[in-house]
Amino acid sequence: MSKKQIEIEARTPDAFLTGSERILKWVEDNIAVVGGIFGAILLIGLGWLGYGQFNDFQERRATKAIYAAQMNLNKQRDQVAKDENERLEKLLKEMKDKGAKDLPQKEDSKADFEAVFAGPAQEVEKQIIAHKSTKAAAIAAIDLAGLYLDQKKPDLAAALLAQVDGGDSEIIRALVKMQRSTVAMELGDYNRAISGFEDLAGRSGVEFIHAEALLKAGLCYERLEQMDRAKDLYTRVSTEFGESESGRTAKNYLRLLQLNSAEKTPEQKNNKG
């Protein structure tokens, strides 16, 4: 047979079938190896599927348990907000009837924490800790820590946030760190708070919290009496995020810094320098 004939026959269907048969024979001869490969692929696929389904189940279960506990706490919060609104409406009516022009002095109208919030909050904490590896628990912890901060209980907020991290969600992890840094600021640990805020302000993917993180870092510098650094951050926030709530707040802080600086005597300025 000539070389040309061999080349022609190699392109015929019979030649292809012969090649396929050789592959099938190799599979038959090496069935244990092939079976192991496909078995491993199948197990990996099922593992990922099972892991995802398990996580979904855990999240659903955590959400249900935490929400049930939050119902009583939220009722208390709603009632406190309603009472406060009624108090303010009554006060404004009295002012109007008396023809008063000056606004009343601001009062501390916080509810009695132990009497109103402590019991329901502890129930929510129990469910958060019971499901602490879930995203639902991290979100609930951020919310509850906010209540603790509002009620001047930063120690409780710090202890709670230490229990969660946000799991595999970068956004939730960032929000947890934001709240932890805010708690550190309220506890007077300004350097740790600054470290957290500035780290968040440099992260991609969480740009929505950059303005607030920079603003709070500025507040920390101001409380450390590092006014130049505070001014730099307020200026940056008011410039880069001027239309946001944080940007408008930064502009107000800048004006206050300027007013305070203008009121100081030359001796005071030299001492700060």
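Contact means heavy atoms within 4.5 Å. This is a predicted model, in which local features need pLDDT of at least 70, side-chain atom pairs count only at pLDDT 80 or more, and totals for chains, interfaces and linings use all residues. Residues are numbered from 1 along each chain as its sequence is written, and side-chain values use heavy atoms, with hydrogens and water left out.

Q: Which residues are in contact with Thr182, leaving aside its neighbours within four places in sequence?
A: Under that criterion, Thr182 is in contact with Leu149, Phe197 and Lys216. Thr182 itself is placed in helix α8, residues 170–186.

Q: Why is Thr182 called buried?
A: Buried means under 20% relative accessible area, exposed over 50%, and partly exposed in between (1.4 Å probe, protein chains only). The relative accessibility of Thr182 is 7%, and therefore Thr182 counts as buried. Across the protein, buried residues make up 30% of the 273 residues.

Q: What does the side chain of Thr182 reach?
A: The side chain of Thr182 reaches the backbone oxygen of Met178 at 2.9 Å.

Q: Why is Gly202 called exposed?
A: Gly202 has a relative accessible area of 66%, so Gly202 is exposed. Gly202 lies in the loop between α9 (190–201) and α10.

Q: What makes α10 roughly antiparallel to α11?
A: Axes are lines fitted to C-alpha atoms, for helices over the stretch in contact, and angles run from 0 to 180 degrees between N-to-C directions. The axes of helix α10 (residues 210–223) and helix α11 (residues 227–240) cross at roughly 160 degrees and come within 8 Å. That makes α10 roughly antiparallel to α11, because angles over 145 degrees count as roughly antiparallel, under 35 as roughly parallel, 65 to 115 as roughly perpendicular and the rest as oblique. Residues making the contact include Leu214, Leu215 and Tyr221 of α10 and Leu233, Tyr234 and Val237 of α11.

Q: How many helices and how many strands are there in the protein, and how are they defined?
A: Helices (H or I, at least four residues) and strands (E, at least two) are DSSP runs, numbered from the N terminus. The protein has 13 helices and zero strands.

Methods: A polar contact is a pair of N or O atoms within 3.5 Å; within protein, one must be able to donate a hydrogen and the other to accept it, and residues adjacent in sequence count only if both atoms are side-chain atoms.
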